[in-house]
Amino acid sequence: MTAAALIAVLFGMLLLLIRAIAGPTLYDRVLAVNSFGTKTVLALGLLGFVMGRPQFLDIAILYALINFVATIAILKFFRYRSFQVPLVRRGQGGGNG
Amino acid sequence: MAMSEPDIGLALVNIVLLGLLFVVAIAIARLRSLFAIVMLSGIYSLVSAVWYVAVDAVDVGFTEAAVGAGMSTAVLLGAMLLTSRTAKPEKSLRQLGPLLVCIATGIMLIYATVDLPAVGDPNSPANTGVGLTYLRVAWYDTGIENVVTPVLGSYRGFDTLGETTVVFVAGIAVALLLGFGERSLAETIRNEDKNLSKNAPKSDAEDEESDS
């Protein structure tokens with residue numbers, strides 16, 4: 001049962017990879033990478049149960065945290081063109097993106 | 001304990017993961033959009049992290065996920081700010097040299113794997129020397145299940161502390177070079193561009209990709 005789920009998750013990874021490579025717009029790729037991170041977490045958890053070592057669940061949870069940070073970094077980068085949001089808006093010329 | 005069936009399943013998982021890595025690597029080599037390449041390198045790190053866990057190198061996998069997928073994606077995006085959004089296509093003749101170097105390195109690495117001991121070989125150097133002592137003693141010394149953890153954190157704790165310091169200093173150096181925020185290098189260059197484009201007729205650096 002878990003093996004079947006693992007196969008399904010690996011197939012989903014393949015589909016997401018196609019979207020990440022082909023994805024015409026930027027947001028397709030961001031979403032693909034984010035979902036790929038989720039699939040990574042799921043695959044790790046299932047892999048732990050398939051190998052008979054459920055301790056892998058802890059690692060999977062840590063991966064989820066890292067994945068979240070990376071996605072936030074990417075989206076923040078494309079919203080503000082910088083990793084640190086300026087607290088004071090500069091003059092009218094910039095930062096209206 | 002059924003040995004054969006999980007082994008075949010694990011081998012299939014390994015093959016699928018390595019196949020995904022291969023596809024991602026080819027795509028990274030062929031694509032020209034730098035943003036897509038950064039995203040795909042994040043995917044590459046995630047897949048290789050899963051693969052490391054699948055071959056029981058849990059600590060390496062975790063480092064790969066933290067540094068490769070988390071940190072280096074952010075650093076590469078920051079570096080992309082300083083350059084353009086697409087790579088210039090290379091002449092196919094000039095790709096020949098790097099391709100040959102890659103093939104030669106691959107052949108040498110494959111040749112080197114012939115000398116490696118098999119997984120779990122009792123006569124391999126790792127299983128005959130001092131490693132056996134640690135395998136025996138580590139549980140009674142520290143009470144930690146995974147042997148890698150007491151070796152890293154206890155037996156060679158000072159070494160690990162030094163490594164962590166080096167990585168921390170390297171991270172600070174990269175952060176100082178790239179900079180984050182108002183006073184970063186990228187921001188400075190953009191402001192210079194803005195000052196230049198006041199004289200130029202039109203600025204195209206601003207909304208290149210935000211609405212596409």
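Tutor: Start in helix α2 of chain B, where B:S45 is found. This model is predicted: local features need pLDDT of at least 70, side-chain atom pairs count only at pLDDT 80 or more, and totals for chains, interfaces and linings use all residues; side-chain values use heavy atoms, without hydrogens and water. Residues are numbered from 1 along each chain as its sequence is written, while chains are lettered from A and ligands numbered from 1 in the order in which they are written.

Student: Why is B:S45 called buried?

Tutor: Buried means under 20% relative accessible area (over 50% is exposed, in between is partly exposed; 1.4 Å probe, protein chains only). B:S45 has 6%, so it is buried.

Student: Which residues does B:S45 touch?

Tutor: Leave out residues up to four places away in sequence, and B:S45 touches B:E64, B:G68 and B:A69. Contact means heavy atoms within 4.5 Å.

Student: Why does B:N14 count as buried?

Tutor: B:N14 lies in helix α1 of chain B. Its relative accessibility is 18%, so B:N14 counts as buried. Beyond its neighbours within four places in sequence, B:N14 is in contact with B:W51, B:A54 and B:V55.

Student: How many of the residues in chain B are buried?

Tutor: Of its 212 residues, 23% are buried.

Student: What does chain B bring to the contact with chain A?

Tutor: Chain B brings 48 residues, and chain A 38. Together they bury about 3800 Å², 76% of it on carbon and sulfur atoms. Buried area is the accessible area (1.4 Å probe) that two parts lose on being put together, summed over both.

Student: How many salt bridges cross this interface?

Tutor: The rule wants a side-chain nitrogen of Lys or Arg within 4 Å of a carboxyl oxygen of Asp or Glu. Across the interface of chain B and chain A, it finds 0.

Student: Which helices of chain B supply at least two residues each to the side that touches chain A?

Tutor: They are α1 (4-30), α2 (34-54), α3 (58-82) and α9 (185-199). The most comes from α3(B), with 13 residues.

Methods:
Helices (H or I, at least four residues) and strands (E, at least two) are DSSP runs, numbered from the N terminus.
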